[in-house]
Amino acid sequence: MSLLGRAGHEPAARESGYAAHRAGVERLLASYRAIPSGAVVRLAKKTSNLFRARAATTAPGLDVSGLGQVIAVDPRARTADVAGMTTYEDLVAATLPYGLAPLVVPQLKTITLGGAVTGLGIESTSFRNGLPHESVLEMDILTGAGEIVTATPTGEHADLFHGFPNSYGTLGYSVRLKIELEAVKPYVALRHVRFHDLRTLETELERIVTERSYQGEQVDYLDGVVFSATESYLTLGRQTDEPGPVSDYTGMDIYYRSLQHDDGVRTDRLTIADYLWRWDTDWFWCSRAFGTQNPKIRRFWPKSLRRSSFYWKLVALDRKYHVDDRRRARKGLAPQERVVQDIEVPVHRTADFAEWFLREIPIEPIWLCPLRLRETGAADGSRPWPLYPLEPRHTYVNFGFWSAVPTVPGRPEGAANRAIEKIVSEFDGHKSLYSDAYYDEAEFAQLYGGQTYTALKNRYDPDQRLLNLYSKAVQRK
């Protein structure tokens, strides 16, 4: 639908959106007041994109059922007001008709905007647009004290604005976010560039990030996949409005397999919507664990259930009933250690980390995604996001790997994850906290905010109604 086609409905839709949001906020506040004073405040939310266990609770949770909508889109200002529990699937559906999209759209449809900001997100625009929280203009946040405050980069609650990313709901929950949008074109033209060694890939990746072009052609989107030390790819996307045929990877064809070829460059085209959700249909490549990539099974697997949210439900069932561990035990095999992580290392350690990982951790493929912070930091050179302190004006590369490895008798719990944490720290990198973590408390504080986090916790959650970050991320409470 064109912008002109929607313009006449904007005022009514905007007022309706804000009215629904106000009602949702009232339900949220009422649910907060209903939680016993000694109970930990949590979301009453059945679904999640986290991959770490947490302790069960019998206390009621926060009612966020009225906070899942796009409140309003302003196509002229290129902004959107969005409730905190709105999924990116719904957000993108609301903005694309205007020829707009969020500056960073994380790969999976049911990631929420609030979740991507408080828990970090990344995608193939991150080399030019940074991380999702960097396109936030202001946030309404329900704090641990039960107050809703509006946090902006320079206002009274600027400390919370900058400390909120990577706090994972331990400082509060976003109720409303106002975000920047960017113009997008209807199609994305892709080039899958093959590399036979990781050192060459690293050099070319760094150059593309700097120049934002490859062989004279603009690069708007950039990510990659490592299949082995001798087979890796960078995928370069360019926005275009040129008409032409497009591929469809929601059916029998599988997106990540389309990258592979013997040498040189393979080209492809997708609609902008299919590009943004190219990884969701097969949950990157994790759908192979369920047999969905087998053509005989895929043909009969309902298309509506080829999506990350359904695969996540299958994983949750396996975690609850230990299906895979029981199957392995019947075959005399040891249980597996889950290795589901995203980490970042400086770009000049890209090949070092990839070579170490391929040698030490038997998981492939690996996803690559370069990023640079948008915000340059304060005049004194301080880092702008203290709970995930990447250096301004530096390029990092995110590695994503999501599988399991066999446990080894005599090795400590989480041995593979601990080894990854150690090498990432040695390479001056960072690890996201959506999955298992094994840091001791002192190292964790050094990596994830330290005294800055403590000060924020004391100001915005003085009665400790919310879990602290170490308890939630490492102790699994």
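Biologist: With the side chain of which residue does the side chain of Thr 170 make a polar contact?

Modeller: In this predicted model, Thr 170 is found in the loop between α6 (158-163) and β6 (172-183). Leaving out residues up to four places away in sequence, Thr 170 touches several residues, including Lys 457, Asp 461 and Leu 469. The polar contact between side chains, at 2.8 Å, is with Tyr 453.

Biologist: Is Thr 170 buried or exposed?

Modeller: A residue is called buried when its relative accessible area is under 20%. The relative accessibility of Thr 170 is 1%, so Thr 170 counts as buried.

Biologist: At what angle do helix α7 and helix α13 pack?

Modeller: Helix α7 covers residues 198-211 and helix α13 residues 350-360, and their axes are 8 Å apart. α7 passes α13 in a right-handed crossing. The packing angle is about 145°.

Biologist: How do the residues of the contact of α7 with α13 divide into nonpolar, polar and charged?

Modeller: From α7, the contact is made by Leu 198, Arg 199, Leu 201 and Glu 202. From α13, it is made by Thr 350, Ala 351, Asp 352, Ala 354, Glu 355 and Leu 358. The division is 5 nonpolar, 1 polar and 4 charged.

Biologist: Against which elements do the buried residues of α13 pack?

Modeller: The buried residues in α13 are Thr 350, Ala 351, Phe 353, Ala 354, Trp 356 and Phe 357. They pack against α7, β13 (336-346), β14 (366-371), β15 (396-406) and α14 (415-426).

Biologist: Which residues are in contact with Phe 401, leaving aside its neighbours within four places in sequence?

Modeller: Phe 401 lies in strand β15. It counts as buried because its relative accessibility is 0%. The C-alpha atom of Phe 401 is separated by 23 Å from that of Leu 387, 14 residues apart along the chain. The residues in contact with Phe 401 are Val 339, Val 340, Gln 341, Ile 343, Phe 353, Phe 357, Ile 363, Ile 366 and Ile 420.

Biologist: How many disulfides does a search of the whole structure find?

Modeller: A disulfide requires a pair of cysteine sulfur atoms within 2.5 Å. For Cys 286, the nearest cysteine sulfur is that of Cys 369, 16 Å away. The number of disulfides found is 0.

Biologist: What is the relative accessibility of Cys 369?

Modeller: Cys 369 is in no disulfide. Cys 286 is buried, with a relative accessible area of 14%. Cys 369 also counts as buried, because its relative accessibility is 0%.

Technical notes: Residues numbered from 1 in each chain as written. Predicted model: local features only at pLDDT ≥ 70, side-chain atom pairs only at ≥ 80, totals over all residues. Heavy atoms only, no water. Axes fitted to C-alpha atoms, helices over the stretch in contact; angles between N-to-C directions. Helix = DSSP H or I, 4+ residues; strand = E, 2+ residues; numbered from the N terminus. Left-handed = near helix turned anticlockwise from the far one by under 90°. Contact = heavy atoms within 4.5 Å. Nonpolar A, V, L, I, M, F, W, Y, C, P; charged D, E, K, R; others polar. Buried < 20%, exposed > 50% of the residue type's maximum accessible area, 1.4 Å probe, protein only. Polar contact = N/O pair within 3.5 Å; in protein donor to acceptor, adjacent residues only side chain to side chain.
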